[in-house]
Amino acid sequence: MNVLDSIVDGVRADLAVRRDRVPLAELRRRAAAGPAALDGVTALRGDGGVRVIAEVKRASPSAGRLAAVPDPAELAGAYEDGGAAAVSVLTEERQFGGSLEDLDAVRRRVRVPVLRKDFVVSRYQVWEARAHGADLVLLIVAALDRERLPLLVAEARDAGLTPLVEAHDAEEIARAADAGAEVIGINSRDLRSLEVDRTAFARLAGRVPEGVVRVAESGIRDAGDVAACAAAGADAVLVGTALVTGDAPSAAVRALCEAGRR
C-alpha cells in the first residue's frame, strides 16, 4: 500500500463516522441556507500577476509536525492582510492535524475564497465542504477512478463550488481536462511516494489547456520559487509549509505576491 492509499483508507473510516452523525440531506440544507460561494476561478486567474493561495496547515506525512496553529482564523487573517487571493484549509485529521472546525473558523474570519483541502472521495465530502463555507474543493486525480472524477467535478459545481483538480503527471492532467476542470493544480509532490520533483510544474504546465487556471503546488519556498512558477506559466501558487513555519505570515505572503507581480 502506498502513502496515498493509506491516507484515503483513514479518510474513509472517519467519513463513515461523520455520515452517521450528520446525514447528506442535512448538509445540503445547511449549504442552501448559507451565502453563495465566491468565484474561485476569477480569484485565481493570474491577471496582472501570480495569485497566492496561502494554507493553514499543522502537519504533513512528509514533514511531520510543522506548527501548532492555535488560532487558524488569526493565521488566515494574516494571510488575507498580506494579499492572499485565497486561503486553503487542511481538514484531514490523521496526517495533517486539520478539522472542519478549522474551516469554520477561517470562513468566519476572511472575505477571500476558501479552499477545503482534503482527500475527497465522495459527494458527501463535497456538500460537507459547501455546508462549512468553502468556495473551492480539492479533487485529487490520483485518489479517484475514471468514473468518479468527472462525477465529483459535476457534483462540486452543483454545490456551487469551484473544483481545484490536482494532477501530478501528463496523464492525470489529461484526465482533469477531460473531466471539465477549470482550475488544474500541478503537484510537484507524488502523493504515492511523497517525493518532490521541482521541475514538474515547468515540464507539465504546457499540458494544461488554454484558458484553464494553472496552479503550482508543493515545494514553493520563497519569492524566487514564485517567480520561477510565474515564468513557467502559473496563474497561482499554493504555499503552506513555508508560511506556517515562518515568523511573519502576513509579510511572507506579501513578499510572495510581489514576486508574482514582477
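User: Where is alanine 67 found?
Analyst: Alanine 67 is found in the loop between E3 and H4. Keep in mind that this is a predicted model.

User: Is alanine 67 buried or exposed?
Analyst: Alanine 67 counts as buried, because its relative accessibility is 15% and the cut-off for buried is under 20%.

User: What does alanine 67 touch?
Analyst: Alanine 67 touches Arg58 and Val244. That leaves out residues up to four places away in sequence.

User: And how far is alanine 67 from arginine 189?
Analyst: In space, 20 Å, C-alpha to C-alpha. In sequence, alanine 67 and arginine 189 are 122 residues apart.

User: What is the phi of valine 69?
Analyst: Near 45°. That is a positive value, in a residue other than glycine.

User: Buried or exposed, that valine 69?
Analyst: Valine 69 counts as buried, at 8% relative accessibility.

User: What about serine 218? What is its phi?
Analyst: The phi of serine 218 is positive, about 75°, although serine 218 is not a glycine.

User: Where is serine 218?
Analyst: Serine 218 sits in the loop between strand E9 (213-217) and helix H10 (223-231).

User: Why does serine 218 count as partly exposed?
Analyst: Because its relative accessibility is 24%. Partly exposed covers the range between the buried cut-off, under 20%, and the exposed cut-off, over 50%.

User: Now a proline. Where is proline 23?
Analyst: Proline 23 is in the loop between helix H1 (3-21) and helix H2 (24-33). Proline 23 is partly exposed, with a relative accessible area of 45%.

User: How far is proline 23 from arginine 109?
Analyst: The C-alpha atoms of proline 23 and arginine 109 are 27 Å apart in space. In sequence the two are 86 residues apart.

User: Zoom out. How many helices and strands does the protein chain have?
Analyst: The protein chain has 12 helices and 10 strands.

User: What is its radius of gyration?
Analyst: The protein chain has 17 Å. A compact globule with 262 residues would have a value near 18 Å, so the two agree.

User: What does the C-alpha trace span?
Analyst: About 50 × 40 × 35 Å along the principal axes of the protein chain.

User: What share of the residues count as buried?
Analyst: Of the 262 residues, 56% count as buried.

User: What about contacts between residues at least 6 apart in sequence?
Analyst: Among those contacts, 67% join residues at least 24 apart.

User: Last one. How many positive and negative side chains are there?
Analyst: The protein chain has 35 positive and 40 negative side chains. The centres of the two sets lie 2 Å apart.

Key
Residues are numbered from 1 along each chain as its sequence is written. This is a predicted model: local features need pLDDT of at least 70, side-chain atom pairs count only at pLDDT 80 or more; totals for chains, interfaces and linings use all residues. Side-chain values use heavy atoms; hydrogens and water are left out. Helices (H or I, at least four residues) and strands (E, at least two) are DSSP runs, numbered from the N terminus. The radius of gyration is taken over C-alpha atoms; the globule rule is 2.2 Å times the number of residues to the power 0.38. Buried means under 20% relative accessible area, exposed over 50%, partly exposed in between (1.4 Å probe, protein chains only). Contact means heavy atoms within 4.5 Å. Lys and Arg count as positive and Asp and Glu as negative; His and the chain ends are not counted. The place of a charge is taken as NZ of Lys, CZ of Arg, CG of Asp or CD of Glu.
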